[in-house]
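Colleague: I have not looked at this one before. Can you walk me through a few spots?

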Amino acid sequence: MRFLFALLLILSTAAAAMAERRVALVVADDDYRLIRPLANPVNDGEAIEAALKKFGFAVVLETNRDLRRMRRALDDFREDAKGADVALVYFSGHGVEISGDNRLLPVDADASSLDALKRTSLPLEEVRDAVAATAKVGLIVLDACRRDPFTASAGEGRGATALAKDVSDKVRPGLGRIGKAENILFAFASAPGETAADGSGQNSPFTAALTKYLGTDGLEIRSVLTLVQQEVYDLTRGKQLPYVESGLPQLFFATSTREQLPERERLLLAMAEVTPEMRGEVERIASDADMPLAPLYGALISTDASHLSAESLDARLREAADAFVKVRSEMKVLGPSDPQVSALRQQAQEQLSLGAPSTPRGQNSPRPPASTVCRARR
């Protein structure tokens, strides 16, 4: 009887999710005419489109649109998707903050002057208004540029080429805080005013993580974005930390099953509870050892720090760093001439870098609550 009840509950939940009307507008710009073009936004947009379709979204993809076409796409979205249960707008491309006003840049954006930039950019407020008029649950995801608009040199971050010096006090790198996100969740690729990476592969780190975790079984969207946040933070070694402002009055699940999370996902969620001071300590030790962050966070979270002094905790982290460096060195000399052994070694190195335990004890030992890492004695 209990099994039958559970089955009916699962089926009814799944049916409710399927009955939801989910709509998305995906805008990706990289072929800029007057400012520095980008490498990955269109790839990012296509990846997001494919991911959203898996979870029941009706998706419209717009690539390399000028301001007129971007506004038309928003107008069409507002009308065609009206009355939806969930509305999502994703943008990948350039973006800046001008005097506290967040703006997304279409491919015809003109950065030759402040007036020209205002005239040829799309205020984020217009996107918010379109989403708010469309659905009960609104999501705005911005994998927009964070590169200093005054820096002309090309680099890993996304951003416009140099602007005139006389507007340097008006235009800020990246996008600013929303402050009042009523009924809408905003997800930014990095913290306000910080740089987001374009990525060395086909996708940016933020979009790669988002497509990876969007459909995580049984997690609502805020927990999913915590996974995305910590994945990007870990893989960029602390250089990029996505930022979320949520005004959602209710939960939104991309999927509705309930399964135990894998070790990696549990580690990422626990990492989000670590104090900023402890984050700084982990980042410093990882930098000294030239190693990823995740193995140190794994050691930190598996340690009951409530009875440890700051010095003892530092020693514990350095011990974990030394152990990682030792294992990494040993792996480098394992059968380099054997392709099969080399592939297995590469796989083991990747898992170790992601925080996979190096011993059976570490894999099976229970972990105390992550909050214990906040209570080390000073």
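**A walk through the model**

Modeller: Let's start with Val26, which lies in strand S1 (residues 22–28). Keep in mind that this is a predicted model.

Colleague: Is Val26 buried or exposed?

Modeller: Val26 has a relative accessible area of 0%, so it counts as buried.

Colleague: What does Val26 touch, leaving out residues up to four places away in sequence?

Modeller: With those left out, Val26 touches Gly45, Ile48, Leu52, Val59, Val60, Leu61, Glu62 and Tyr90. There is also a C-alpha separation to mention: Val26 and Glu49 are 23 residues apart along the chain, and their C-alpha atoms are 6.9 Å apart.

Colleague: Ile48 is on that list of contacts of Val26. Where else does Ile48 come up, in H2 meeting H6?

Modeller: Ile48 is one of the H2 residues in that contact. Asp44, Ala47, Ile48 and Ala51 are on the H2 side, and they meet Thr207, Leu210 and Thr211 in H6. By class, the residues of this contact are four nonpolar, two polar and one charged.

Colleague: At what angle do H2 and H6 pack, and how far apart are their axes?

Modeller: Helix H2 (residues 41–54) and helix H6 (residues 205–213) pack at an angle of about 10°, and their axes are 10 Å apart. Angles under 35 degrees count as roughly parallel. H2 and H6 are therefore roughly parallel to each other.

Colleague: Why give those two values?

Modeller: Because two packed helices are described by the angle between their axes and the distance between the axes.

Colleague: Fine. What about H3 and H5, at what angle do they pack?

Modeller: The angle is about 15° for helix H3 (residues 67–80) and helix H5 (residues 124–132), with the axes 9 Å apart. That makes H3 roughly parallel to H5. The crossing in which H3 passes H5 is left-handed.

Colleague: Which residues meet there, in H3 and in H5?

Modeller: From H3 there are Arg71, Leu74 and Arg78, which meet Glu126, Val127, Asp129 and Ala130 in H5. By class, the contact of H3 with H5 has three nonpolar and four charged residues, and no polar ones.

Colleague: New topic. How many aromatic pairs does the structure hold?

Modeller: It holds three aromatic pairs. One of them is Phe186 with Phe188, a stacked pair with 6.4 Å centre to centre and 15° between the planes.

Colleague: Are Phe186 and Phe188 buried or exposed?

Modeller: Phe186 counts as buried at 0% relative accessibility. Phe188 is buried as well, with a relative accessible area of 2%.

Colleague: And how are the rings of Phe188 and Tyr243 placed?

Modeller: Their centres are 5.7 Å apart and their planes are at 35°, so that pair is tilted. Phe188 lies in strand S9 (residues 184–188) and Tyr243 in strand S10 (residues 243–246), so the pair ties together parts that are 55 residues apart in sequence. Phe188 and Tyr243 are both buried. Ring pairs link Phe186, Phe188 and Tyr243 into a cluster.

Colleague: Last topic, the backbone. What is the phi of Ser99?

Modeller: Ser99 has a positive phi of about 50° although it is not a glycine. Ser99 is in the loop between strand S4 (95–98) and strand S5 (101–104).

Colleague: And where is Asp290 found?

Modeller: Asp290 is in the loop between helix H9 (276–289) and helix H10 (294–301). Asp290 is not a glycine, yet has a positive phi of about 50°. With a relative accessible area of 52%, Asp290 is exposed.

How values were computed: Residues numbered from 1 in each chain as written. Predicted model: local features only at pLDDT ≥ 70, side-chain atom pairs only at ≥ 80, totals over all residues. Heavy atoms only, no water. Axes fitted to C-alpha atoms, helices over the stretch in contact; angles between N-to-C directions. Helix = DSSP H or I, 4+ residues; strand = E, 2+ residues; numbered from the N terminus. Parallel < 35°, antiparallel > 145°, perpendicular 65-115°, else oblique. Left-handed = near helix turned anticlockwise from the far one by under 90°. Contact = heavy atoms within 4.5 Å. Nonpolar A, V, L, I, M, F, W, Y, C, P; charged D, E, K, R; others polar. Phe/Tyr/Trp six-rings, centres within 6.5 Å; stacked < 30°, edge-to-face > 60°. Buried < 20%, exposed > 50% of the residue type's maximum accessible area, 1.4 Å probe, protein only.
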